[in-house]
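Student: I am new to this structure. Could you walk me through it with a few questions and answers?

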Amino acid sequence: MESIESDPSGLPPGLARHLIRPCNGGAPPPGSSALSGAASNAACGDRLVLWIWPQGPGHRIAFQAQACSAVLAVASVGCEALSAAFARAGERDALRAAAAELQLERRVAELGGLPRHKAHALAVFERALGEALAGLGAA
């Protein structure tokens with residue numbers, strides 16, 4: 001197994017772990033009533049899709065991406081951070097509140113931060129999440 005320290009992605013080890021073992025990757029199950037949000041970065045061709053769907057008493061969030069290492073890692077960090085809160089969030093207002101409290105930039109910084117040329121990853125995730133949450137409709 002390749003050492004995280006020798007990871008060619010240019011990400012710090014904390015974020016590289018999310019690239020190597022992403023959290024919540026994959027599409028929702030067939031037939032689920034998933035909301036989706038997509039975002040891209042035209043400059044480098046990144047494309048991220050987030051899904052939120054009911055599961056048990058709460059909701060689940062997952063992603064798929066064709067993107068650079070930073071977008072993949074940030075999507076994993078964001079989905080992991082939202083998973084526990086969404087699992088308990090049965091109502092749309094609770095989903096919105098959990099997303100508002102995400103503090104993704106702080107979480108990414110705690111994992112070593114993004115190089116300046118990869119900072120677009122935060123905006124890609126936030127746009128996709130905003131689009132998915134917009135599908136919840138008015139309260």
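Tutor: Let's begin with a pair of side chains: arginine 96 and aspartate 93 meet in a salt bridge, 3.1 Å from N to O. A salt bridge here is a side-chain nitrogen of Lys or Arg within 4 Å of a carboxyl oxygen of Asp or Glu. This is a predicted model, where local features need pLDDT of at least 70, side-chain atom pairs count only at pLDDT 80 or more, and totals for chains, interfaces and linings use all residues. Residues are numbered from 1 along each chain as its sequence is written, and side-chain values use heavy atoms, leaving out hydrogens and water.

Student: In which helix do arginine 96 and aspartate 93 both lie?

Tutor: Helices are DSSP runs of H or I with at least four residues, and strands are runs of E with at least two, numbered from the N terminus. The two residues are 3 apart, about one turn of the helix, and their helix is α3 (residues 92-100).

Student: Is glutamate 110 buried, partly exposed or exposed?

Tutor: Buried means under 20% relative accessible area, exposed over 50%, and partly exposed in between, with a 1.4 Å probe and protein chains only. Glutamate 110 has 56% relative accessibility, so it counts as exposed.

Student: What is the strand order in the open sheet?

Tutor: Two strands pair if DSSP finds at least two bridges between them. The sheet has 3 strands with antiparallel pairing, in the order β1-β2-β3.
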